[in-house]
Amino acid sequence: RDGDDKLTNLHLGVESWITFTINVGDDLGWLGYFIGESQCLKSLSIWGMPEGEGGEQQIYAFVKGIARNHSIRDITIGYMSDDARAAIVRAICNYSQLEI
């Protein structure tokens, strides 16, 4: 959220218990952009991404955004296809801790 310096942990994905639920048709490029711009986000958990038509392009746009972030120190990835997981790992290989 704009100017919110209290958002240090974000859990997102396709599960109903997630803080921010990603649905088919959501623009993941914008989500990645805002995560990439955050200066206070320390931990990011990704619990699945919508799959289907255009999913690979959406994941690429999302990953491109989060790869610009310099404040995240911990990333957890779960419930994702091997291709999606590999794309995220390649993009964020400079993080200090990566839990898969």
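What is the volume of the second largest pocket? About 290 Å³. The tour ends there.

**Before you start**

This is a predicted model, where local features need pLDDT of at least 70, side-chain atom pairs count only at pLDDT 80 or more, and totals for chains, interfaces and linings use all residues. Residues are numbered from 1 along each chain as its sequence is written, and side-chain values use heavy atoms, with hydrogens and water left out.

**Stop 1: the whole chain**

Show the chain as a cartoon. Look for 3 helices and 5 strands. Here helices (H or I, at least four residues) and strands (E, at least two) are DSSP runs, numbered from the N terminus. Start at the N terminus and follow the order β-β-α-β-α-β-α-β.

Of the 100 residues in the chain, 41% are buried. Buried means under 20% relative accessible area, exposed over 50%, and partly exposed in between (1.4 Å probe, protein chains only).

Contacts come next; a contact means heavy atoms within 4.5 Å. Take those between residues at least 6 apart in sequence: 68% join residues at least 24 apart.

**Stop 2: the largest nonpolar core**

Select Leu12, Ile35, Leu44, Ile46, Met49 and Phe62. Of the 23 residues in the largest nonpolar core, these touch the most other members. Then colour β1 (9-13), α1 (28-37), β3 (43-47), α2 (55-66), β4 (74-78) and α3 (82-91), which each supply at least two residues of this core. The largest share, 4 residues, comes from α2. A nonpolar core is a set of buried Ala, Val, Leu, Ile, Met, Phe, Trp, Tyr and Cys residues joined through side-chain atoms within 4.5 Å.

Zoom in on Met49. Leaving out residues up to four places away in sequence, Met49 touches Val14, Ile22, Leu28, Ile59, Phe62 and Met80.

**Stop 3: Val14**

Step across to Val14, in the loop between β1 and β2 (20-21). Is Val14 buried or partly exposed? Val14 counts as partly exposed because its relative accessibility is 38%. Beyond four places in sequence, its contacts are Thr21, Ile22, Trp47, Gly48, Met49 and Pro50.

**Stop 4: Ser43**

Select Ser43 in strand β3. With a relative accessible area of 13%, Ser43 is buried.

**Stop 5**

Select Glu56, Ile59, Asp83, Ala84 and Ala87. Of the 15 lining residues, these lie nearest the centre of the second largest pocket. On a 1 Å grid over the protein atoms alone, a pocket is an open set of points where a 1.4 Å probe fits, with protein on both sides within 12 Å along at least five of seven lines; lining residues have an atom within 4 Å of a point. Grid points are joined across faces, edges and corners, and a volume is the space filled by probe spheres set on the points.

Colour α2 and α3, the elements that give two or more residues to this lining. The largest share, 6 residues, comes from α2.

Finish on Ala87, in helix α3. Ala87 is partly exposed, with a relative accessible area of 22%. From Ala87 to Lys64, the C-alpha to C-alpha distance is 9.7 Å.
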